[in-house]
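This report goes through one structure, starting with the place where its chains meet. Please keep the sequence and the model in view while reading.

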Amino acid sequence: MALSGMRGLSVFISDIRNCPNKEQERLRVDKELGNIRTRFKSEKGLTHYEKKKYVWKMLYIHMLGYDVDFGHMEAVSLISAPKYPEKQVGYIVTSSLLNENHDFLRLAINTVRNDIIGRNETFQCLALTMVGNIGGREFSESLAPDVQKLLISSSCRPLVRKKAALCLLRLYRKNPDVVNIDGWADRMAQLLDERDLGVLTSSTSLLVALVSNNHEAYWSCLPKCVKILERLARNQDIPQEYTYYGIPSPWLQVKAMRALQYFPTIEDPNIRRSLFEVLQRILMGTDVVKNVNKNNASHAVLFEALALVMHLDAEKEMMSQCVALLGKFIAVREPNIRYLGLENMSRMLMVTDVHDSIKRHQAQIITSLKDPDISIRRRALDLLYGMCDVSNAKDIVEELLQYLSAADFAMREELSLKAAILAEKFAPDLSWYVDVILQLIDKAGDFVSDDIWFRVVQFVTNNEDLQPYAAAKAREYLDKPAIHETMVKVSAYLLGEYSHLLARRPGCSPKEIFSVIHEKLPTVSTTTIPILLSTYAKILMHTQPADPELQKIVWAIFNKYESCIDVEIQQRAVEYFALSKKGAALMDILAEMPKFPERQSALLKKAEDAEVDSAEQSAIKLRAQQQMSNALVVTDQRPANGAPQTVGELSLVKIPSMSGDQHASTDQGLSQANGTLTTVDPQPASVDLLGDLLGPLAIEGPPGAAVQFELNAVSGLEGVPSSADYAAIVPVGEQTNTVQLMNLLEHVLMYNAMLFKQPIGNINERFYALCLKDSGVLYEDPNIQIGIKAEWRAHQGRLVLFLGNKNTSPLVSVQALILPPVHLKIELSLVPETIPPRAQVQCPLELMNLHPSRDVAVLEFSYKFGTNMVNVKLRLPAVLNKFLQPISVSAEEFFLQWRSLSGPPLKLQEVVRGVKPLSLTEMTSLFNSFRLTVCPGLDPNPNNLVASTTFYSESTRPMLCLIRIETDPADLTQLRMTVASGDPTLTFELKEFIKEQLVSIPTASRPPAPAPPAAQPTNPAALTDPGALLAGLL
Amino acid sequence: MGIRFILMVNKQGQTRLAQYYEWLTLEERRALEGEIVRKCLARNDQQCSFVEHRNYKIVYRRYASLFFLVGVDNDENELAILEFIHLLVETMDRHFGNVCELDIMFHLEKAHFMLEEMVMNGCIVETSKCNILSPIQLMDKTS
């Protein structure tokens, strides 16, 4: 076997191959990496050959899955090597190791451009390929004209032009503006007249990307695509090299047909006729042959033709021909064809009215549901789901239920979700629906998400006729020996609400119902106990006249849980206990749940969202989605019980209370996300998960204290930073509040983010950084950068906003609005409505602090870019600490003050738990950066920290504030904090402010090297045994 | 996008070639390769060549000890990709003469050169074996 040109590389590869285990391999790799590193660092320069060899080794190591975090520069530098072999390696390895945002790429941009516009066509190819693979926005802006020139140049050979086409495709995706539609449409049409099949193949890919965004502009390309197809179908002028097993380039055929699917229709009758001739020939003329490759290739073309026929809404005859073909395919032995038959049948369902002919194949499809191959089973499930309607729902759902117990784990969740949706959508009667869901929970409880049982509860609540039936069913399930926890939840809920309707039946007295439910209590988790407690309370309420014995048992249970560690359980126990003593009043409070407002099923949303995944959607898919959404129930956006949203405990900074008529969701968005980006979406992806999720949980009935509490708990969870970041981007007026469904949300949001503009960097981190320093970037997205510069003097401040347009086109409809909290007086100068291209405008802001408060001012900023309206809400870093002035006090002054401020409300003490662990030095620098002067040596205990500062506001005179922190070296997560000042509000606000900083300091906001200007340590000479003094005082 | 990545993996699950057309971090690559290799290698001949994974599909084909795995978007034409794999193998055959795992291993750079001529930015550029191989032949001649 011929070894490759690089001996060292071959030796290394065979060394790796001979490693007996992963450990040895790692050692060998580490050794090699060390070697390469030394070589790259060595004084005497490496030859290009040596560099090439090492760079290949790096690529090999990278492929093995090891991190190669050096040598990138060497790889990039090979790009500028004069000889082809080195240059080639440089380009290939660079595009494998680096991503488009890597700084080194920027350095290479000139070399790359020189290669592209140079005369050497092999160099041109290399450069075009790399840019095509990893070129970013900067490449796009500087290279697009050159690439376009190459693509249409008549003097350029096909081998360069085919690469230029795909390179342009990349640049276009990075920045659509680089292709000027008016000028380019004709050029594109000309390109499709090309004879060379390589250039045609890549140009068609370019066309697909262009038409998927704007088919209007490229109508002239449609006949050209048909022509290409005709040429291929008739095998005219096709070089032997492009014929694959006798089939003229199947890949080009597929691509051309794909491009045609992005045009909504074909109006010209002649073109339509020629196309249908070709399609007819493909449909009829594709036979099954012995040669696998030929067979696959011809069927690749056939399936694409089927898709195109479906898209074009052909005559009925041709459509039934297609269904017949697919029907044949789903019954063949060849698994690939069977898979594709099922897949395409599902697609067919979405676009045309062929349900009846597809239904004829139902039995065959059900057989495929039991195929040994999971890929095929999934397709069958999808198809059954799609073809289900009122006429066959019972059969299909029962089939799914039956299959559920045998299905593999990977599929059960999807299966149960789909069964639940079908049961809901097509239930011939509601009792059947209840049966199905209960069976579902019984058979696959682990895979039944909460949405499913919430939904059944909603249905039962809203349909009085259903209530006794559902309660009786729930009662039956409770008799089973081992039932799933979800079943316990749903039965307990239903029986709590409706068991009194069964009272006359045997085994259904309140006491019996109670004991059968209570039996389950030891087996359930803490999330279920609250539901059981509610059920007990409801049973008590319905037991009229009261049964003292039952009352005693239930009260004892409430009593027991009054000291439960789980706060939800504890609260319910305490409240129910108190309420149930009220006698008749209980009737009002625990009355039956009111009906839920009609709203779209969260399940349907879930299923839909899963579909949204790629930016370039085929026309078929888009149409299918529209159809789906037409079929849905009108969405009600209100949360289930209309309880107002409250600010989560974990949000760092309080938000100013807004006037009462302010849209509730504004408030909510802010509290969740600490700076929201709202995008006005022309067709809002309605995410009404909150309502569905929280609705049934609010078991207490009409909005009461406990409901409030639950919402609190949920929004408290929002503090999870990653999900909060996603939650930051929500369409206006949407209710998104549940961490559980964040995954789903991410899906929707990522889709939105692709369509619109996403902020660069983390808005929160930027805010926190600006709380500590006075200038920096507040916000940035692809279009705009908002910088800030601030000066603070006593209770006044001057802040300048720098609005910089990053684009080459103007930003219009620029609006900035300040929502000041009550304690700040803010005047914003005029903001221009338009920001010219690449320009920066300055908007000064005057601030005055009226009295102490932690509330934060919000800047509501919006602009229009193209047709997109971008709307962001940003917190202004005009926070409490900006109005502090560091001050150092002598020991005497300190103690004098400390003593005079005795006890609340002027002096407050609190033990803070859950503190982010910080060393004392770290805490000192944090304090200093917040302009709290730490006075070392004042406290005798080295684990304590004492600080002082002055606070300025208009209403108070400059106020001295004193702070003492006592830490516990054994447990850095807790500390005791004492804050004192001459103003009770200030003491409180400052204490809370410091607490917030200590409990959840985002890592990014860790102060840089602290350099407090006036923070000089107090002169130790002035102290007379301060330790003893302080100890006596505290 | 079309093709997201092309992997060549032997039946022990060792990666012999990996080419990604979308940027993934090393951890993501490792996780992804682990997951799909586990999924695909466990399948038998009677099962189809397509595996659905997350929000995309793997089209794969086995040649002796070596698996070729291609990650594609959900709406890609599966059979066309399946035959594209075969075209790649035939092209390597023409160059190496009855290509085997070792050829790809020890001539990683050549395998990369070929792939580079065939796929760019996740799209097929060239399907003529002559055109694909001409730069490599040119280089062999000069060196």
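A salt bridge is counted when a side-chain nitrogen of Lys or Arg lies within 4 Å of a carboxyl oxygen of Asp or Glu. By this rule, 6 salt bridges cross the interface of chain A and chain B. In one of them, A:Lys163 pairs with B:Glu117, and the closest N and O atoms are 3.1 Å apart.

The model is predicted: local features need pLDDT of at least 70 and side-chain atom pairs count only at pLDDT 80 or more, while totals for chains, interfaces and linings use all residues. Residues are numbered from 1 along each chain as its sequence is written, chains are lettered from A and ligands numbered from 1 in the order in which they are written, and side-chain values use heavy atoms, with hydrogens and water left out.

**The interface**

Contact means heavy atoms within 4.5 Å. Chain A brings 73 residues to the contact and chain B brings 60 residues. Buried area is the accessible area (1.4 Å probe) that two parts lose on being put together, summed over both. For chain A and chain B this area is about 6,000 Å², and carbon and sulfur atoms give 55% of that. On the chain A side, A:Met63, A:Glu241 and A:Trp251 lose the most area to chain B, together 12% of what that side buries.

A polar contact is a pair of N or O atoms within 3.5 Å; within protein, one must be able to donate a hydrogen and the other to accept it, and residues adjacent in sequence count only if both atoms are side-chain atoms. The rule finds 29 residue pairs in polar contact across the interface, both residues being at pLDDT 80 or more. Helix H15 (residues 292-312) of chain A supplies the largest share of the side that touches chain B, 8 residues. Helices (H or I, at least four residues) and strands (E, at least two) are DSSP runs, numbered from the N terminus.

**The two chains**

Buried means under 20% relative accessible area, exposed over 50%, and partly exposed in between (1.4 Å probe, protein chains only).

Among contacts in chain A between residues at least 6 apart in sequence, 70% join residues at least 24 apart. The corresponding share in chain B is 50%. Along its sequence, chain B runs β-β-α-β-β-β-α-α-α-β-β-α.

**Details in chain A**

Which residues of helix H41 (residues 920-929) are buried? They are A:Met923, A:Ser925, A:Leu926, A:Phe927, A:Asn928 and A:Ser929. Their cover includes helix H39 (763-772), strand E15 (944-951) and helix H42 (984-999) of chain A. After H41(A) comes A:Arg931, with a positive phi near 65°.

Most residues other than glycine have a negative phi. A:Asn235 is not a glycine, yet its phi is positive, about 55°. A:Asn235 sits in the loop between helix H12 (222-233) and strand E1 (243-244) of chain A, and it counts as partly exposed because its relative accessibility is 39%. A:Ala794 also has a positive phi, near 50°. The loop that holds A:Ala794 runs between strand E5 (784-793) and strand E6 (796-805) of chain A. With 24% relative accessibility, A:Ala794 counts as partly exposed.
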